[in-house]
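Hi,

Here is the structure I promised to pass on. Have a look at it first, then read my notes below.

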Amino acid sequence: MIGSTSRQASLFYFAFAKEVMAITDDVLDPLDELLNDPPLIDLAAQALAKRHVRSADFGRPSIAPDRLLRCVILKHVRGWSFRQLERELRASLLYRRFTRFYEDPIPDFSSFSRAFGLFGKDGTSQLHARVVQIAREQSAASGQKLRTDTTAVETNIHHPTDSSLLADGIRVLTRGLKRISAACETGALKVVDHQRAAKRHVLEICRAAKTLSEAGREKLKESYGKLIALTRGLTRQTAKVLDQLKAGKLVAQAGTLATVSQAQAQLRHFLPLTEKVIAQAQARIFEGQTRHPDKILSLFEEHTVVIRKGKAHKPNEFGRLVRIDEVENGIVSHYDIASNNMADQQQWKPALESHQQIFDQAPYLATADRGFWSAANEALAEEMGVQRVVLPGRGRLSKQRAAHQKERWFRRGQGWRAGIEARISTLKHRFGMFRAYYKGEAGFERYIGSCVAAQNLVAIVRTQNTKLKQSCRSG
């Protein structure tokens, strides 16, 4: 069942209470008041109710909704991992007070990981929407101005090469077959471990790739051929084992049915992905096809795509393209994760429509960089009611267009647009959005939403502090 948000104070904690109340923090103290919002706590309670069918009213008490919510925000405000979150909560009276754990035991980092995953994609987007609503209620976001930009967020994968992906396929398929073999009768399934041979072929490929001679290219093809043959033989054995399990020819021993079912599900997931890696490696090395459809970049984060943003130091990035829509006072009103590496021009219309849906009106000023510019996009913004459209043109400008972009309001709008670059940098380097560490496509979207929600809460606190300083003339 869901843990209670109201708890009786402990007599043993009384000795620490005075010391804890004396500790202050410029960010966490205002955040503590914002997170007392009942709709936010209800969203956390709804997430906890998804654990099992009767999690809301049956079973042992789980983590309380307010504690879960505060731990999610604290983790992303500080940019910690789950292990760091557990360690800091155990060691700090300030963080215990903020998360409302006080003298109670701190959960394990794996418990935090499972509890955070209960929010899911929809729960995280609802959490972000409520934070934006709080910003509107606090007069921190009026929606009069909008600036938007896109950025690449990496997925948690190694650099994708066909040789390393083939080695990954051999590793995960061998691991699943070994688990099934151990659960069945002795001798019923023989599994040969090719991981050492695969590693040797990968090292040969790495050395041959550095040699530009004809002999080096032949050695590269030879090593790739051996590695592909190993992987293809293992996929055939995996498919045969899955058919035998389905037909009942392989029977698990008593007490190992759950292990076999789990390994079988993993093999069914990774087998088609490994076969795609074999096909793309065969096409690139032996057929010269560098543009393979539906290219796999990771067996574990298969939603990863190649993103090219024109950076000299990093021409190819591996992750997902994220659009950030920002309004006044650093509030990110909306975020969107593209399914592929779409052009910025295609992102302008969704940004305006999302803003109109959130604020029930078009912005007075809408701006973006020159990648969003097109005559159709300018006309669309004016049709939707935007008074000031600041989209710098590309290429050689006409005299009329150059004079238009030199007007005072246009240049001021360009100057305000540049602030979103700093906002993206803050999201990446302070709130951890440089690389998404949650697993799967749903985990990626949940990670992005949590980073944005934490950033918005800090922006609301900063706006409140600014207004407080302006209201006090003595400083």
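Helix α5 (residues 82-91) packs against helix α7 (residues 109-117) at an angle of about 120°, and their axes lie 8 Å apart. That makes α5 oblique to α7 (under 35 degrees counts as roughly parallel, over 145 as roughly antiparallel, 65 to 115 as roughly perpendicular, and the rest as oblique). The axes are lines fitted to C-alpha atoms, for helices over the stretch in contact, and the angles run from 0 to 180 degrees between N-to-C directions. Helices (H or I, at least four residues) and strands (E, at least two) are DSSP runs, numbered from the N terminus.

Before going on, a word on the source: this is a predicted model, where local features need pLDDT of at least 70, side-chain atom pairs count only at pLDDT 80 or more, and totals for chains, interfaces and linings use all residues. Residues are numbered from 1 along each chain as its sequence is written, and side-chain values use heavy atoms, with hydrogens and water left out.

Back to that pair. F82, R83, L85, E86 and L89 in α5 meet F109, F112, S113 and F116 in α7, where contact means heavy atoms within 4.5 Å. By class, this contact of α5 with α7 has six nonpolar, one polar and two charged residues (Ala, Val, Leu, Ile, Met, Phe, Trp, Tyr, Cys and Pro are nonpolar, Asp, Glu, Lys and Arg charged, and the others, Gly among them, polar).

Next, helix α9 (residues 162-183) and helix α12 (residues 257-286): they pack at about 155°, with axes 9 Å apart. That makes α9 roughly antiparallel to α12. Their contact divides into 15 nonpolar, six polar and three charged residues.

Most residues other than glycine have a negative phi. R100, though not a glycine, has a positive phi of about 65°, and sits in the loop between α6 (93-99) and α7. D360 is not a glycine either, and its phi is positive at about 60°; look for D360 in the loop between α13 (348-359) and β5 (365-367). Which of them is buried, with a relative accessible area of 17%? That's R100, whereas D360 is exposed at 63% (buried means under 20% relative accessible area, exposed over 50%, partly exposed in between, with a 1.4 Å probe and protein chains only).

Finally, the whole chain: it has 18 helices and seven strands, and 47% of its 475 residues count as buried.

Cheers
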